[in-house]
Structures are given as structure tokens and as C-alpha cells.
Amino acid sequence: MIKPEIIRKDFPSGFKAQVIRRKGFNQRFFGIIVDFGSADPQPVPGLAHFLEHKLFAAEEGDLSLEFEKIGASVNAFTSFNETMYYASGVKNVGPMIDLLFKLVGQPYFTDENVAKEIPIIQQELAMYQDEPDWILGDRLLRGIYGDCNLAIDVAGTRESIASVTKEKLQAAYDENYVAARMSFVACGDFTDNQVKTILRQARKLSDQYLRPGKPQKEADLVPFLPSGQDWNLIGGEVPLFTAAIPLPNFKKVLASRDMSQILLEIMLESKLGAASHWFASARQAGLVSQPLQISVTYTRQGAYAVLLGMSPEAEELLDQIKAELAPDKLFPKKQEMEMRKLFEIHKRSWLAQTVRSLDNLSGFAVEMAEESLDEEDLFANVEQMQAMNFADYRAYCQELCEGASINTARLLEEDDQWSEH
């Protein structure tokens, strides 16, 4: 894997910048990432996401229109621990960077524009609150973690959104949008002079717009239910089910949380994925027809794996999943040959996908921006994965799953009330 040239600068204010040179691309990508997201402390749930929306407001109007005028597109996203603003285009590099720093560095909150945004975000939330998988996931995470920010949707709740004021937005902005919690990334085909110009511009604009402040603190893990629980949601039209597995040992096993996430996803795919012996047997028995959706999420506040699927016999299938993921069944002797084979297949697949990701300019730039905050190193992870043998992989996964419990929720086709057992 050929590593692109990456020029990094850390400025005295704590602000970071990196320029990634990708030869042969006409498009240029620029982003500013903030070490603050929906699971972090904030006056009301969803405020980080609300803040993302309102930073596009300026006294002269919507800043998105200013990007359009110079032929650039602009967007943003909020995750559990990060908010990112990014723009891309072919020309007008200098003005694009100017606008991006103005977007994050010059907030314009008024009673009027905050009140106008409330129903917009509430409608955004309502669009997917009726989706069965959202309902199941929300019930499951709240059941495990309670009403903490980690368990609440990134956008918040209808009630929390309605309580947002310009004062709350300003307080969250002042605390979190500081130089030491922010990082700039540029990605594209830049000459040596352009790289120097971009870094000079980034330093000048960060000094102009961003105040000093302290880096984000590592959070304590959110407590969760110590033993597995099962919830039923009655009134569903499709037999969906989901399982969530809190991972209390996640921070303790490997220096790279990205690597921990990758290994756990490989393990879960090997045990329960489309190529596994378990899935073939479950499909043959008529318990499932489509592969499970498998993901692992990690945040400052906690880490968990989620399985989502559909089955007319969800209770029986979930019992099988629990048995398959029992501590003494993760790597049983009789499955060792299959697990070794699947590890090598998934390992090669991940390495190939990672190489291909270098050609996705925006996706790669976002990945590198996130790494700048999380102190991760994609290329070190590639080397570690290439060298990893099955014995090490097995030992890491067993340690990562230590203390985990399996919690489930499923939809039943009866009436409209919750039941629990």
C-alpha cells in the first residue's frame, strides 16, 4: 500500500492542519472537524447537531449560497464525538477555505433563526422515528444505557430540540469550538507552493476566528445493564429484531480503537455473517433469509456491537445468536478451521477496501480528519493487520468481548404496547 504524501502542522494555539496530496484529482476537498458530538456533555441532548445546522446562518444569509456562488458544494455531519464541516470544488481554493473558516468561526445566533430551526430539525427527526429499525435501536440503547446522550439519537428528542435557545447554543459553541479541539484537512492535487499557501492560510484564519481553549477530555464509560435483557415491542408490521452488545473492555486491549473495531467486525461476520456455517444452517431451517447487518461503534462514553435482522422466528434465532456468541463458543475447537479461513478472507477484504478508499477523495479526507482527533494511524493499522496471525486475532477478540452481555429487542405483530420479559 503506497502511502500518500501528508504534510502536517500543529500550531501554537493547539489547532492542527494537514494537507494530503493526491495526484491526478481535479476535485479539491477541505474540511474542519471539531472534537465535539452528540454524546459529549451539552446543555440538552441534540445541541451539537443543532449547532451544526445553525452555523450555516450568517447575518447576510445562508452561507451555503456563498459556496454555490464560487462553484463549491458544502455540507456537514454530527456523530457521537465529532462534528465536521466540509466543502469541495475545482476552483477558487482560497475563497473556499475563507468561507469554511467563517462558517465555523463566526456564529450568528438570534432568537428568530433558532426558533425557525426548531421545527426543521424536529421534522428531520420525525422522518426516521417511524422506521422500525430506529424504534428498535432507540428502545434497546435506552434500555441498556438509560437516558444519557450516548443512548439518545444524535438529533436529540422532540422535547430537547424545542428547548434550544441562542444562549444554550452560544454556551456550547464557546466551550467546544476552540482551536485545541479543531483540525483542518485539505485533500487534492496540490503543488508545493499551493501546500505552503494553504497551510499559511489555515494558520492565519485559525488565529483570526478561533479562540484558545482546552482539548477534549477522555470521558468515563457510561454504566450499562450488567446482564442481558430482552424487550418486545408489540405492533410491528415486520418481524425485525436487534441485539446490542456493550463492550466494557474496549479501551483496554489495543492502543488503536479503530483496530479493535475492525477485529470485532471481522469476528462477528465470521460467526454470523453470510459466509458463516451458522447463517447457512439458520437459512436452511427457515429462520432467516437475509444476512444480518453487523456493526461496531465506539465513542468516548462507551462501545457496543449491533446486530440487526429479520426473522419470523426471531426469539429462536436470538437464542441461537446468544449461544453462538457465548464466551466459550467464540472460537470453539470444532470451528477453528472455518474461523481461520474466514479470518483470512475478511482480512484480505478489509485490506483491499482500505486501498480502494484512497481513491475516494472525500471519504479518505474525512477518515484522516477523524484520525487527527483520535490519534489513530490508518497506515500503521494496515501494517499491523498484514502481520496479524490467527492466534493474536483470537486472543484480541476474546479479551475485547470479556464482560460483554447480549441485549435484544424485537417487534411482535399484535397491539400497540410495550412488554418486557
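Student: What should I know about the model and its numbering before I start?

Tutor: Residues are numbered from 1 along each chain as its sequence is written, and side-chain values use heavy atoms, with hydrogens and water left out. The model is predicted, so local features need pLDDT of at least 70 and side-chain atom pairs count only at pLDDT 80 or more, while totals for chains, interfaces and linings use all residues.

Student: How do I read two packed helices?

Tutor: Two packed helices are described by the angle between their axes and the distance between the axes. Helices here are DSSP runs of H or I with at least four residues, strands are E runs of at least two, and both are numbered from the N terminus. Axes are lines fitted to C-alpha atoms, for helices over the stretch in contact, and angles run from 0 to 180 degrees between N-to-C directions. Now the case: helix 10 (residues 257-272) packs against helix 16 (residues 390-400) at about 95 degrees, with the axes 10 Å apart. That makes helix 10 roughly perpendicular to helix 16 (under 35 degrees is roughly parallel, over 145 roughly antiparallel, 65 to 115 roughly perpendicular, the rest oblique).

Student: Which residues of helix 10 and helix 16 meet?

Tutor: Contact means heavy atoms within 4.5 Å. From helix 10 you get Ser260, Leu263, Leu264, Ile266, Met267 and Ser270; from helix 16, Tyr393, Tyr396, Cys397 and Leu400. They divide into eight nonpolar, two polar and no charged. (Ala, Val, Leu, Ile, Met, Phe, Trp, Tyr, Cys and Pro count as nonpolar, Asp, Glu, Lys and Arg as charged, and the others, Gly among them, as polar.)

Student: And how do I read a nonpolar core?

Tutor: In soluble globular proteins, nonpolar side chains tend to be buried together. A core is a set of buried Ala, Val, Leu, Ile, Met, Phe, Trp, Tyr and Cys residues joined through side-chain atoms within 4.5 Å. Buried means under 20% relative accessible area, exposed over 50%, and partly exposed in between, using a 1.4 Å probe and protein chains only. The largest core here has 64 residues, and Met267, Ile321, Leu325 and Tyr393 have the most contacts inside it. Helix 10 supplies the largest share of this core, eight residues. Leaving out residues up to four places away in sequence, Met267 touches Leu330, Phe331, Tyr393, Cys397 and Cys401. A second, separate core of 56 residues includes Leu51, Tyr85, Val104 and Leu199.

Student: How many of the 13 residues of helix 3 are buried?

Tutor: Ten of them, so helix 3 is largely enclosed by the rest of the structure. Among the buried ones are Val93, Phe101, Lys102 and Val104. You can check its length too: the expected span is 1.5 Å times one less than the number of residues. For helix 3 (residues 93-105) that gives 18 Å, and the end C-alpha atoms are 18 Å apart, which agrees.

Student: Is Asn381 buried or exposed?

Tutor: At 5% relative accessibility, Asn381 counts as buried. Asn381 is in helix 15 (residues 378-387), and beyond residues up to four places away in sequence it touches Ser256, Asp258, Met259, Trp350 and Glu376. Compare Asn75 in strand 6 (residues 73-78), which is partly exposed at 41%.

Student: What does Asn75 touch?

Tutor: With residues up to four places away in sequence not counted, Asn75 touches Phe56, Met84, Tyr85 and Tyr86. The C-alpha atoms of Asn75 and Tyr86 are separated by 5.6 Å, though the two are eleven residues apart along the chain.
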